[in-house]
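Have the structure open and follow along.

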Amino acid sequence: MASVSTPVSRIAAPIVAAILFVAAVVLMVGMYLLLPQNGHYLGLVTIGILSLVFAAISYLAQSLSAANPAPQRTLAWAFYAFGFALLLVTFALPAPAYSLALVWQVTGLVLTLVALAGSIAGIAWRSRMLATEPPREAARAEWRARTPVSAFDYQTAHAPDAPATAPPPSPPSSRGP
Amino acid sequence: MPPPGPTEPAPRVCPSCHAPVGASDRFCPSCGGPIPAPPATAAAGSAPVDLREKVDQDRGTLKRLQLLVPGFRAYRQGEDIRAADSILRRQVADKIKNARTSAENARAALTQSGQFSVLMDLAPLISDLLTLEPKIRSAEQGYSGISPATRVGNADLDRLYEYDYGFVLAADQLDQTLAPLPALAAGANAADLQRLVASARSQVSQLQQAFQVRLKAVQGILVQ
């Protein structure tokens, strides 16, 4: 195989994941502690939304790390599960009288379900796409293991009916002046 | 019908009369026409260079970000294969350009030595090389639109790269064929020169034939 450069070094995956985790915990705990008691319901909703935002950030932060950014991916799944679980439970259970009107609670539940369905569709799409890659990688590896073939060996180079692109060479004739 | 591909070597035939010729024949036993040199096996034993891998490894953060977006991943991968194929084709075109330089040097030598008759043979060769080089340099990249009749997927693009790789070896062989041309032109043997030019023209013709059907060949829709 010809020379191939080593991958460009990127930020270590555990560091990125740790930074995201600490930032999320500080924000969520701080928000819950700072809110007055009658704001805790909305605080839970906000933390759920924040968790989903961190899930998206952690997922995209995979691009910052080298070959296998498993920590970011794991963290993204954790935020994703936590965010949706929190939102579904918060909207589905009866809210305290001081917090949200029923109509907003139902609206929140519907929006959460729509977001969940959308994200599942995205996950399915990506999974289907990833499933097509191993056969392609195998085909590439097989090609790399083969001896290269010249285009003169292609069947397409010997099509009998293909027109010549220029007139045939003239017969040998006497020298010029 | 199986798609014509790069894996099966075709039997050698005369480019003029299409009669079968032996592996070591330099002239056709039927019509006496020159037979191009057999394909170079210079790269035999050495593994092919996979520029796709290099392009994949050198992806920046933005491209890696695009790979994570559902629905965008296949597009990004396709673009990267096209980029690798483009790098490859530019190198093939450069080799064709080198071959043309040899032919042009021979033309200058022939003019200086007063062998004007052979110029008539050389002119179509230079013309063919002039036509082939930009065709390879700016060839179709395998875009198939939103709702095409035949879709060009990433697997097709992979095969397109592998198909185009054969032209690197072929262009090297053409370059080798034409390398002695200026020296021959400086000599006095017009017959040898004409045989060499005829052989090179035949090779260029084969390359043109193979290149103009490249997309159809890799998609498996070429009817022959």
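Q: Why is F167(B) called buried?
A: This is a predicted model, and every value here is computed from it. F167(B) has a relative accessibility of 1%. Buried means under 20%, so F167(B) counts as buried.

Q: Where does F167(B) sit, and what is it in contact with?
A: F167(B) is in helix α5 of chain B. Leaving aside neighbours within four places in sequence, F167(B) is in contact with A151(A), Y154(A), V92(B), L207(B), A210(B) and F211(B). Contact here means heavy atoms within 4.5 Å.

Q: What makes R214(B) and D85(B) a salt bridge?
A: Their side chains meet at 3.2 Å, N to O. The cut-off for a salt bridge is 4 Å, so the pair qualifies. Side chains of opposite charge can pair when their charged atoms come close.

Q: How do you know whether R214(B) and D85(B) are buried or exposed?
A: R214(B) has a relative accessible area of 3%, and D85(B) has 3% as well. Buried means under 20%, so R214(B) is buried and D85(B) is buried.

Q: Which residue forms a salt bridge with R214(B) at 2.7 Å?
A: That is D164(B), with the closest N and O atoms 2.7 Å apart. D164(B) lies in helix α5 (residues 154-178) of chain B and R214(B) in helix α8, so this pair ties together parts that are 50 residues apart in sequence. D164(B) is buried, and so is R214(B).

Q: What makes D50(B) and R52(B) a salt bridge?
A: The closest N and O atoms of D50(B) and R52(B) are 2.8 Å apart. That is within the 4 Å cut-off. Both D50(B) and R52(B) are buried. Over all chains, a search of the whole structure finds 28 salt bridges.

Q: Why can α5(A) be said to have its buried residues on the same side?
A: The buried residues are E133(A), R136(A), R140(A), W143(A) and R144(A). They cover an arc of only 100° around the axis, which puts them on the same side of α5(A). These residues pack against α4 (102-131) of chain A together with α1 (51-57), α3 and α5 of chain B. The face turned away from the buried side carries the exposed residues P134(A), P135(A) and A145(A).

Q: What makes up the nonpolar surface patch of about 570 Å²?
A: The patch is made by F21(A), V22(A), V25(A), V26(A), V29(A) and L33(A). One of these, V22(A), is in helix α1 (residues 13-34) of chain A.

Q: How many helices and strands does chain B have?
A: Chain B has 8 helices and 0 strands. Buried residues make up 50% of its 224 residues.

Definitions and conventions:
Residues numbered from 1 in each chain as written. Chains lettered and ligands numbered in written order. Predicted model: local features only at pLDDT ≥ 70, side-chain atom pairs only at ≥ 80, totals over all residues. Heavy atoms only, no water. Helix = DSSP H or I, 4+ residues; strand = E, 2+ residues; numbered from the N terminus. Buried < 20%, exposed > 50% of the residue type's maximum accessible area, 1.4 Å probe, protein only. Patch = residues over 30% accessible without salt bridge, like charges linked within 9 Å, V, L, I, M, F, W, Y side chains within 5 Å. Areas by Shrake-Rupley, 256 points an atom, 1.4 Å probe, with all protein chains shown as cover. Arc of directions from axis to C-beta.
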